[in-house]
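User: Hi! I'd like to understand how the terms in a structure description are decided. Could you take me through some examples?

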Amino acid sequence: MKNIKTLAHLILITAVAFNLTMCNTSHGDKRNKASDTTMAAGSFKNTDACLVSVSAEDSAKYISKKIIVKGDVEQPLTLTVDSLKKMNVTTIENFVVVCQSGARMKEDKSCKGVLLKDILEKAKIKQQGHKDRNFYIVARATDNYKATFSWGEIFNNPTGENVYVLFEENGKPIQSQGDMILISKNDIKTGPRHVYWLKSIEVNRIE
Ligand SMILES: Nc1nc2c(c(=O)[nH]1)N[C@H]1C(S)=C(S)[C@@H](COP(=O)(O)O)O[C@H]1N2
Ligand SMILES: [Mo]
């Protein structure tokens with residue numbers, strides 16, 4: 001009896017751990033699936049899974065109508081879809097979101113956005129001299145999901161030409177993941193630095 005119980009326990013832990021490690025490949029139901037609130041045997045929390053269930057109600061709560069650009073900048077900015085539309089807009093074709101697990105999460109036939117580089121140039125990073133270029137930039141969402149970039153990546157590397165703040169997908173405003181999404185198009189896996197519910201872009205100098 002004790003052995004059966006132990007075995008059942010083991011299977012359960014393995015199943016939970018597997019669930020937390022892998023993203024669900026079926027796109028359609030991933031938002032509706034009931035979340036497993038069990039803590040995994042390791043250090044992951046249930047919210048670490050790609051498959052965090054977000055109800056329509058919750059997603060509405062997380063939607064951000066503006067992005068604040070702040071930190072070590074001369075001109076802090078508040079951006080909205082309308083202000084992005086007035087900047088230099090690029091159309092990106094066939095953008096695919098791939099989770100770290102390899103699962104294809106989302107495909108945009110076309111989307112529109114503005115380069116993060118253009119946004120940072122507008123805000124003007126407070127550089128104190130030629131050699132003052134050790135900054136990191138954090139793109140943060142309302143659920144506190146975040147992605148990090150370095151000054152060198154954005155201003156001295158092809159990645160800088162591939163990081164956008166999107167405001168439109170497939171000809172429509174961004175809906176449940178709105179209002180704006182940050183993407184890093186040439187990342188090997190595009191899921192990790194795909195930040196929806198984007199609320200701030202923070203510039204920090206490494207002291
Ligand atoms: N705000 C926010 N952005 C996020 C996440 C999140 O939990 N919150 N999950 C990330 C992960 S793990 C992946 S794989 C992709 C999934 O994108 P999708 O939800 O459009 O499929 O978004 C990323 N962006
Ligand atoms: Mo993911």
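Analyst: Happy to. We can begin with T159, which is buried, with a relative accessible area of 9%. This is a predicted model, where local features need pLDDT of at least 70, side-chain atom pairs count only at pLDDT 80 or more, and totals for chains, interfaces and linings use all residues. Residues are numbered from 1 along each chain as its sequence is written, and side-chain values use heavy atoms, leaving out hydrogens and water.

User: Why is T159 called buried?

Analyst: Buried means under 20% relative accessible area, exposed means over 50%, and partly exposed lies in between (1.4 Å probe, protein chains only). T159 has 9%, so T159 counts as buried.

User: What does T159 touch?

Analyst: Leaving aside residues up to four places away in sequence, T159 touches E153, S184, N186 and R193. Contact here means heavy atoms within 4.5 Å.

User: What makes Y62 and W197 a stacked pair?

Analyst: Rings of Phe, Tyr and Trp (its six-membered ring) pair if their centres lie within 6.5 Å; planes under 30 degrees apart are stacked, over 60 edge-to-face, and the rest tilted. Y62 and W197 are 4.6 Å centre to centre with 25° between the planes, so they pair and count as stacked.

User: Are Y62 and W197 buried or partly exposed?

Analyst: Y62 has 26% relative accessibility, so Y62 is partly exposed, while W197, at 4%, is buried.

User: How do you know that the charged end of K61 sits over the ring of Y62?

Analyst: The rule asks for NZ of Lys or CZ of Arg within 6 Å of the ring centre and within 35 degrees of the ring normal. The charged end of K61 is 5.8 Å from the centre of the Y62 ring and is listed as sitting over that ring.

Key. Chains lettered and ligands numbered in written order.
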